[in-house]
Amino acid sequence: VGTLGLALACSGGSSSSSGGSAAPGPWAPVTAAIQANQSTFPSGLCVEVMTPDGVVYSQSFGGMTNTTPVAVASASKWIASTVILRLVDEGAFPHGLDTQTRELLVDSSSGDPWSGNLGNATLRDLLSFTTGIQGDDANADVQSPLTFSLADAVQAIYADDAASAAAPNSYFDYGSTHLRIAARMAEVATGKSWDQIFQEQVHDPLQWSPGSIFDTDHPTGQNPDPAGDLSCTGLDYMRFVMMELRGGVDNGSAF
């Protein structure tokens, strides 16, 4: 049976193991190896390994535990994509994964639907990072003024990239821009904020703790980066991973 491990680091804590002595049996060498290299993670470390039957190894080092909220960076992408895909399953988008941006997004400067290559990009392209946009757009990552929203961020992307974007599926470009557009499409399709959509689609169904949120630097939370702003406890993220490992089943029920 395959196993899956999750290791997270956070600020604070000492460099000693909070798990006490090495775990007995077959996991003792694992704990010893982590302790021997613990200086690589001065802010602390929590390591968990699971199988479909559950967590088989869990140790905390340096004052960090699996209930410590941590900024998980690009691990946010898996969660954001799951949010979008659940909306697809619910029929929120006109043509599912083949819904084009032009069907939901407009150029706020003209009021016209998105056009050109960016207008042809689909949710499928957005989730696979193949929209034809190359690189992240710094003008979309604005945290001031406080009124700057996800809608403003996506408008900035369109203004900056509409003329230069290649045809969808011309190349793969890993970054945040694609998921920002997808999240805005979700807001338009549902009439809800990204935070509310996330709460309804992942946070609440998986009974995540209050500290597991898309914690943007923006004081009003209006301009989240769905590709990198998630703060989450290890315990909550592992529940999500366990659901995936069990083929979409959480606590005995379909997710």
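Strand 2 and strand 3 (residues 54–61) run antiparallel and are joined by seven bridges. Helices (H or I, at least four residues) and strands (E, at least two) are DSSP runs, numbered from the N terminus, and two strands are taken to pair if DSSP finds at least two bridges between them. The structure is a predicted model, in which local features need pLDDT of at least 70 and side-chain atom pairs count only at pLDDT 80 or more, whereas totals for chains, interfaces and linings use all residues. Residues are numbered from 1 along each chain as its sequence is written, and side-chain values use heavy atoms, with hydrogens and water left out.

Strand 2 and strand 3 form a hairpin with two residues between them. Within this pairing, E48 stands opposite S58 of strand 3. Strand 2 (residues 45–51) is largely enclosed by the rest of the structure, because seven of its seven residues are buried. Burial here means under 20% relative accessible area, exposure means over 50%, and partly exposed residues lie in between (1.4 Å probe, protein chains only). The side chains of L45, V47, V49 and T51 point one way from strand 2, those of C46, E48 and M50 point the other way, and all are buried. C46 has a relative accessible area of 5%. C232 is likewise buried, at 0% relative accessibility. With a disulfide defined as a pair of cysteine sulfur atoms within 2.5 Å, the count comes to zero disulfides.

Three further strands form an open sheet in the order 4-6-5, with antiparallel pairing. Its edge strands are strand 4 (70–71) and strand 5 (213–214), each of which pairs on one side only. Strand 5 and strand 6 (residues 230–232) are paired in the antiparallel sense over two bridges, and S231 in strand 6 is the bridge partner of I213. I213 is also among the residues in contact (heavy atoms within 4.5 Å) with Q199; leaving aside neighbours within four places in sequence, Q199 contacts D204, P205 and I213. Q199 is found in helix 7 (residues 194–203) and counts as buried at 19% relative accessibility.

Side chains of opposite charge can pair when their charged atoms come close. The structure holds five salt bridges, a salt bridge being a side-chain nitrogen of Lys or Arg within 4 Å of a carboxyl oxygen of Asp or Glu. In one of these, the side chains of D98 and R124 meet at 3.2 Å, N to O. This pair links distant parts of the chain, 26 residues apart: D98 lies in the loop between helix 2 (76–89) and helix 3 (116–120), and R124 lies in helix 4 (residues 123–127). D98 is partly exposed at 43% relative accessibility, and R124 is partly exposed at 42%.

A further salt bridge joins the side chains of E187 and R184 (2.8 Å, N to O). These residues are separated by about one helical turn because they are three residues apart in helix 6 (residues 177–190). E187 is buried, with a relative accessible area of 11%, whereas R184 is partly exposed at 23%. The side chains of R239 and D250 also meet in a salt bridge (2.8 Å, N to O). That pair links distant parts of the chain, with R239 in helix 8 (residues 234–245) and D250 in strand 7 (residues 249–250), 11 residues apart. D250 counts as buried at 11% relative accessibility.

Nonpolar cores were defined as sets of buried Ala, Val, Leu, Ile, Met, Phe, Trp, Tyr and Cys residues joined through side-chain atoms within 4.5 Å. The largest has 48 residues, and those with the most contacts inside it are I79, F93, I181, W208 and L230. Helix 2, helix 4, helix 5 (150–161), helix 6, helix 7, strand 6 and helix 8 each supply at least two residues of this core. Not counting residues up to four places away in sequence, F93 touches I84, L87, V88, T99, L104, L123, M185, A186 and A189. A second, separate core of six residues includes I34, L45, V47 and Y57.

In helix 8, the buried residues are G234, D236, Y237, M238, F240, V241, M242 and M243. The expected span of a helix is 1.5 Å times one less than its number of residues; for the 12 residues of helix 8 this should be 16 Å, which agrees with the 16 Å between its end C-alpha atoms. Helix 8 is followed by G247, whose phi is positive, near 70°.
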